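Please read this briefing alongside the sequence and the model. The points are grouped by topic.

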Amino acid sequence: MDTTPGDAPQRAPAVFILDCDNTLLDNDAVKADMDARLHALLGDGLAARFWETYEVVRDKQGVVDLPMTFIAFQPILRDDDLLDRVQAAIMDYPFQTRLFPQSLGAIAHLETMGRAVIVSDGDTVYQPRKIERSGLGAAVHGQWVVYTHKEEHLAEVMAHWPAEFYVMVDDKARILAETKRRLPERFVTVHIMQGHYAGENYTPAPDLTLPSIGDLQSLDLSALRRLLG
Ligand SMILES: [Mg+2]
């Protein structure tokens, strides 16, 4: 486990495992804003070099890793004051302004049926900062965790948040398919069609496909339980 979640709670009827990026928070917009800030600070050539470095680090680490990207970009930029400003522009971003409009309402609705938790993919510095500063950490009462690849940690998640069954909510069909393939009788999978991964298709198909995170507010527990298996 990369980041330790809060104290273990009691067994819930359902635990809703919510993704962060492009599920609760418009990460495509965060990244577009980040690109604009980099162009303003660095100019086009160095901004392009930053994104090349970002992709090299992502390939090497298997996940977006901004702290590692800053380290790798330092010898390219060779200006520590400017690097500090680049880091500040990215790390001090106002993440709370990029929640999807009904994310907090959806979490509140899910908590009338069970427990809502956030299980996110990412690095151990930037991603926790995003979850906390966006207000999402508080919305789930501190019940969140970050892994490099969440689908490899389902047993840990289930041990930490005991439940009759689980509802995995994600914008990536690949993660949902992998989860359903591993534990079909314990997980209902819900695909949220937001962000640039939304059009991807994987087998098995998600149990439910919704246009936006706000549509979770129309679900009830018995309808979800019928989707198990
Ligand atoms: Mg996502």
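**Briefing on the predicted model**

P204 sits in the loop between β5 (187-192) and β6 (208-210); helices (H or I, at least four residues) and strands (E, at least two) are DSSP runs, numbered from the N terminus. The peptide bond that leads from T203 into P204 is cis, with omega near 0 degrees. This is a predicted model, in which local features need pLDDT of at least 70 and side-chain atom pairs count only at pLDDT 80 or more, while totals for chains, interfaces and linings use all residues. Residues are numbered from 1 along each chain as its sequence is written, and side-chain values use heavy atoms, with hydrogens and water left out.

**Domains**

- The domain assignment divides the chain into domain 1 (12-26 + 99-225) and domain 2 (28-95); such bounds come from an automatic or database domain assignment.
- The centres of domain 1 and domain 2, taken over C-alpha atoms, are 27 Å apart.
- Across the two domains, 18 residues of domain 1 are in contact with 16 residues of domain 2, where contact means heavy atoms within 4.5 Å.

**Magnesium site**

- D19 (OD), D21 (O) and D171 (OD) coordinate the magnesium ion at 2.1 to 2.2 Å.
- Donors are N, O and S atoms within 2.8 Å of the metal (3.2 Å for Na, K and Ca), and water is not among the atoms, so sites may look incomplete.
- Along the chain, the donors of the magnesium ion have the spacing D-x1-D-x149-D.
- D19 counts as buried because its relative accessibility is 5%; buried means under 20% relative accessible area, exposed over 50%, and partly exposed in between (1.4 Å probe, protein chains only).
- D21 has a relative accessible area of 17%, and is therefore buried.
- N27, which lies in helix α1, is in contact with D21, N22 and K130, leaving aside its neighbours within four places in sequence.
- The relative accessible area of N27 is 16%, so N27 is buried.

**Nonpolar cores**

- The largest nonpolar core has 51 residues, and L18, F50, I90 and L216 have the most contacts inside it.
- A nonpolar core is a set of buried Ala, Val, Leu, Ile, Met, Phe, Trp, Tyr and Cys residues joined through side-chain atoms within 4.5 Å.
- Helix α1 (residues 27-61) supplies the largest share of this core, eight residues.
- Domain 1 and domain 2 each give at least three residues to this core.
- Another core, of 17 residues, lies apart from it and has V145, Y147, V157 and L183 among its members.
- I90 is in contact with M34, L38, F50, L66, F70, F95 and Y126, leaving aside its neighbours within four places in sequence.

**V30 in helix α1**

- V30 is placed in helix α1 and, at 2% relative accessibility, counts as buried.
- Not counting residues up to four places away in sequence, V30 touches L25, Y93, F95, R98 and Y126.
- V30 and Y93 are 63 residues apart in sequence, and their C-alpha atoms are 8.2 Å apart in space.

**Helix α5**

- Y126, Q127, P128, K130 and I131 are buried in α5.
- The buried residues of α5 pack against α1, α2, α3, β2 (115-121), α6 and β3.

**Largest pocket**

- The volume of the largest pocket is about 560 Å³.
- Of its 30 lining residues, D21, R58, V64, K172 and Y197 are the closest to the centre of the largest pocket.
- On a 1 Å grid over the protein atoms alone, a pocket is an open set of points where a 1.4 Å probe fits, with protein on both sides within 12 Å along at least five of seven lines; lining residues have an atom within 4 Å of a point.
- Grid points are joined across faces, edges and corners, and a volume is the space filled by probe spheres set on the points.
- Two or more lining residues come from each of α1, α5 (126-133) and α8 (173-182).
- With seven residues, α1 gives the most to the lining of the largest pocket.

**Positive phi outside glycine**

- R78, in the loop between α2 (66-77) and α3 (80-91), is a residue other than glycine with a positive phi near 55 degrees.
- R78 counts as exposed, at 71% relative accessibility.
- H141 is not a glycine, yet has a positive phi of about 55 degrees; H141 lies in the loop between α6 (136-139) and β3 (144-147).
- H141 counts as exposed, at 57% relative accessibility.
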